[in-house]
Amino acid sequence: MRALQRNALLTATALALVAAPALAQDEKKEIQKYQQMLTEGSPVELFELQGEALWNKPQGPKNASLQKCDLGQGPGVVKRAYATMPRYFADADRVMDLETRLVHCMMTLQGRTFDEITKRVFGNADRPSEMELIVFYVVGQSRGVKMAAPVSHPKEKESVGLGKKIFFYRAGAWDFSCASCHGEEGKRIRMQDLPILSDPSGARSYATWPAYRVSNSGLHTMQWRINDCYRQMRFPEPNFTSEATVALTHYMAVVAKGEPYDGPGTKR
Amino acid sequence: MADPMKARASMKGDVAEIRVLMGHPMETGDRKGSDGKPIPRHFIQNVTVKLNGKTVVEGNISQAVSRNPVFSFRVKGAKAGDKVEISWLDNKGATNKTDAAIA
């Protein structure tokens, strides 16, 4: 894959040198071709299998697996669960995204502590984290299912409203908000076109996260994505599974409503 | 936990297309770990594809292939329902295998 990547990059560079005038269109096509190649060689299914094994593995003081974890479709039902998250959970009396819910299940079913579970939530290429692998397994079970995060409970409405506010809230050292990059057409970071996440046109992007990133062989969850966006905006690091990160995810999920889920994605 | 493997096979016209994902670190031996010491070489050396028990592909690969390799093969003379078995052997003597029925 690295060889493929190198070739594609060389091709893209060569094209850019030769065909300077017709540049933009050709470059886009080349990038699309490259992304197609990445998807074909993606190892995400391997991570899903590893995640499934962790889901079924008895762990913690109670030596229990996550098989009874209720992701909103009933205890142990993983199929289609991610497409309807974040959502309100009566047993915890709060809106939870997938990671928050998994932490909740690990604490209640397995008897583990929050600190121990979240000690290493973002892994690396050599050793993905337990959280990342389980997330990949769960989201893979919603492939093809239309995104449908509910907004009926008052707390769900509150969460989406808060998420929208956060999306447009400018602050930090650079006075950035999510909308600074993801709020209008034609924005990009280096060669990466950025989707408008406050508009249904950006739905496809939301529906391909969590994702595997080829350039660093890393598995990335939605909590990581938000965390890293805030790092790039020079904000203080958001707390893992905080109300703010869940609300932001909730808002994006609701904007992406109806888009068939097509993840875990493969990004360059 | 051993890294998993996954195979898929289907008929494309009269040719069977076999695609296999192999979980493996594929260390080149050139990388250094966080302690500054080189990470030992660890890579798949040999890949074998069998069709109904008969070897149809036998290949040697090296550390030039990246982490978690993906391969696809085209095999003539196979038909739907045939059993494909893919196995590998790495430089430390470890092996793994998986199988799939051609769809």
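pLDDT is the predictor's confidence in each residue, on a scale from 0 to 100. Chain B averages a pLDDT of 88, and 98% of its residues score at least 70. For the complex, the predictor gives an ipTM of 0.73 and a pTM of 0.82. The model is predicted: local features need pLDDT of at least 70, side-chain atom pairs count only at pLDDT 80 or more, and totals for chains, interfaces and linings use all residues. Residues are numbered from 1 along each chain as its sequence is written, while chains are lettered from A and ligands numbered from 1 in the order in which they are written.

Secondary structure was assigned from DSSP runs, numbered from the N terminus; helices are H or I runs of at least four residues, and strands are E runs of at least two. On this basis chain A holds 11 helices and 7 strands. Its C-alpha atoms fill a box of roughly 65 × 40 × 35 Å along the principal axes. The radius of gyration is taken over C-alpha atoms, and the globule rule is 2.2 Å times the number of residues to the power 0.38. For 268 residues, a compact globule would have a radius near 18 Å; chain A has 19 Å, which agrees.

Burial was judged from C-beta atoms placed from the backbone: a residue is buried if 20 or more other C-beta atoms lie within 10 Å of its own, exposed if 12 or fewer, and partly exposed in between. Of the 268 residues of chain A, 34% count as buried. Two residues are in contact if their C-beta atoms, placed from the backbone, lie within 7 Å. Among contacts in chain A between residues at least 6 apart in sequence, 67% join residues at least 24 apart.

A:Pro86 lies in the loop between helix H3 (44–55) and strand E1 (87–89) of chain A. A:Pro86 counts as buried because 32 C-beta neighbours fall inside 10 Å. Apart from neighbours within four places in sequence, A:Pro86 contacts A:Val95, A:Met96, A:Asp97, A:Ala149, A:Ser159, A:Val246, A:Thr249, A:His250 and A:Ala253. A:Met147 is 61 residues away from A:Pro86 along the chain; the two C-alpha atoms are separated by 10 Å.

Strands were taken to pair if DSSP finds at least two bridges between them. In chain A, 3 strands form an open sheet in the order E6-E5-E7, with mixed pairing. Strand E6 (218–220) and strand E7 (265–267) of chain A stand at the edges; each has a single partner strand, so one side of each is left without a neighbour in the sheet. Neighbouring strands of this sheet are turned by 25° against each other on average, direction ignored. Such axes are lines fitted to C-alpha atoms, for helices over the stretch in contact, and angles run from 0 to 180 degrees between N-to-C directions. Strand E5 (residues 211–213) of chain A pairs with E7(A) in the parallel sense over 3 bridges. Within this pair, A:Tyr212 stands opposite A:Thr266 in E7(A).

Chain B has 0 helices and 7 strands. Along the sequence, its pattern reads β-β-β-β-β-β-β. The C-alpha atoms of chain B fill a box of roughly 50 × 25 × 20 Å, again along the principal axes. Of its 103 residues, 22% count as buried. Among contacts in chain B with a separation of 6 or more, 53% come from residues 24 or more positions apart.

In chain B, 4 strands form an open sheet in the order E4-E3-E6-E7, with antiparallel pairing. Strand E4 (54–60) and E7 of chain B are the edge strands, each pairing on one side only. Neighbouring strands here are turned by 15° against each other on average, direction ignored. E3(B) and E4(B) pair over 6 bridges in the antiparallel sense. B:Lys50 stands opposite B:Thr55 in E4(B). Strand E3 (residues 44–51) and strand E6 (residues 83–90) of chain B are antiparallel over 7 bridges. There, B:Val49 has B:Ile86 in E6(B) as its bridge partner. A further 7 bridges join E6(B) to strand E7 (residues 95–101) of chain B, also antiparallel. B:Lys83 stands opposite B:Ala101 in E7(B). E6(B) and E7(B) form a hairpin with 4 residues between them, and B:Gly93 in the turn has a positive phi of about 90°.

The contact between the chains takes 10 residues from chain B and 10 residues from chain A. On the side of chain B that touches chain A, the residues divide into 4 nonpolar, 3 polar and 3 charged. Here Ala, Val, Leu, Ile, Met, Phe, Trp, Tyr, Cys and Pro count as nonpolar, Asp, Glu, Lys and Arg as charged, and the others, Gly among them, as polar.
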